[in-house]
Amino acid sequence: MTGRTSDTANNRIRLAGLALALATAALLPFVLGSNYHLGVAHQVLIFIILASGYDLLLGFTGLLSFGHIGLFAIGAYTSAILVTSTGAPFMVGLIGAAVLTGVVGVVISIPALRIKGHSLTLLTLALGEVIRVVIRSMEWLTNGSHGIAGIPRPEILGFSFRQPLPLYYLLLVIALLTIAFAWKLKRSRYGRAFNAIRDSEIAADVCGVNISRMKMLAFGLSAVIAGIAGSLYAHTVRFISPEFFSLGLTVILLAMVLIGGRGTIIGPILGAILFISLPEALRFVKEYYLVAFGITIWLSVLLLPEGLAGLPRRLRRWMPRRNAKEAGL
């Protein structure tokens, strides 16, 4: 009875927290007050989508890939080229980016079925760099190092998202849909199969999990979301070049998921908010902001090994011990 009461209380706390988060996200543009800060919010939402998709691979399935930013780049370039070169609508660019990156993600997963560990990490690292080099070398299509400029803002069924405020709500809706998809997937039999592979491939195989099919599915779904994020990035920033999709961005994406809390729904969200907004918040310390940012990240790793998502659990463990100590037990 006590356990059921505790579960009910926890569910109420979660629902209250979810309602508060949604209300904050909906009202945030009216608090920010400038297009610059609204632009930062756009970046946060795009990276929430990207990090949530990456967590399907890293957190749910335990597959470490350094090629995800390459997929993000393919999505951005596919959408930008379709819209600027052929005059196709934004939705065609978005769907084209999702389909192409999904196919590339499945192709990348084929060698991943045979190798694992450090070899898989090196393979995906090489693929990410190859994608960037190919984009730079195909000047006839991608404009090489000069990049593609003048990418139009999204327009859906005649409604333009050219202004920052409507664009914010479009990105917010897509981010919420991505989070809801990850939440639903985590509780499905596919999500449980991903977790089983992450915990032990041998045990998952014994339990009847089709390892190859599940890995290809994880790569494919994660790649589709990376393509959608890439398309949204291109049409939000309106300029893309190969230099942006660098190895440094790969490391930042990895840190978003690990420091936020991999394998959780809230972790990639917290990681994206931290890594995009904190550097902006620390600019008041001028040239020392990178040092302050680095110290903040270092403390997060040191004090929260389970990521920011594990903070409530650590507090729940800490409170009973503190109360017992004060009671002299």
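Keep in mind that the model is predicted. Its largest nonpolar core has 82 residues, and its salt bridges come to 4.

**The nonpolar core**

- Within this core of 82 residues, the members that touch the most other members are I48, L50, F72, L232, I240, F245 and M256.
- Helix α2, which spans residues 35-60, gives the most to the core, with 16 residues.
- To picture one of these members, look at L232: leaving aside neighbours within four places in sequence, L232 is in contact with I46, I49, F90, L94, L171 and I174.

- Is S52 buried or exposed? S52 counts as buried because its relative accessibility is 6%, and the cut-off for buried is under 20%.
- A polar atom of the S52 side chain lies 2.7 Å from the backbone oxygen of I48.
- Setting aside neighbours within four places in sequence, S52 is in contact with T178, I179 and P268.

**Salt bridges**

- Side chains of opposite charge can pair when their charged atoms come close.
- R132 and E129 form a salt bridge, with 3.1 Å between the closest N and O atoms. These two residues are 3 apart in helix α5 (residues 118-137), so about one helical turn separates them.
- In that pair R132 is buried, at 17% relative accessible area, while E129 is partly exposed at 28%.
- E243 forms a salt bridge with R136, and here the closest N and O atoms are 3.4 Å apart. Because E243 sits in the loop between β4 (239-240) and α11 (247-260) and R136 sits in helix α5, the pair ties together parts that are 107 residues apart in sequence.
- E243 counts as partly exposed at 40% relative accessibility, and R136 counts as partly exposed at 31%.
- E201 and K215 meet through their side chains in a salt bridge of 2.8 Å, N to O. Which helices does this pair tie together? E201 is in helix α9 (residues 201-206) and K215 is in helix α10 (residues 211-237), so the bridge links parts 14 residues apart in sequence.
- K215 is buried, at 3% relative accessibility, whereas E201 is partly exposed at 23%.

- V291, I295, W298, L299, L302 and L303 make a nonpolar surface patch of about 610 Å².
- One of these residues, V291, lies in helix α13, which covers residues 289-303.

Key
Residues are numbered from 1 along each chain as its sequence is written. This is a predicted model: local features need pLDDT of at least 70, side-chain atom pairs count only at pLDDT 80 or more; totals for chains, interfaces and linings use all residues. Side-chain values use heavy atoms; hydrogens and water are left out. Patches are made of residues with over 30% relative accessible area and no salt bridge: like charges are joined within 9 Å, nonpolar side chains (Val, Leu, Ile, Met, Phe, Trp, Tyr) within 5 Å. Accessible areas come from the Shrake-Rupley method with a 1.4 Å probe; for residues, only the protein chains shown count as cover. Helices (H or I, at least four residues) and strands (E, at least two) are DSSP runs, numbered from the N terminus. A nonpolar core is a set of buried Ala, Val, Leu, Ile, Met, Phe, Trp, Tyr and Cys residues joined through side-chain atoms within 4.5 Å. Buried means under 20% relative accessible area, exposed over 50%, partly exposed in between (1.4 Å probe, protein chains only). Contact means heavy atoms within 4.5 Å. A polar contact is a pair of N or O atoms within 3.5 Å; within protein, one must be able to donate a hydrogen and the other to accept it, and residues adjacent in sequence count only if both atoms are side-chain atoms.
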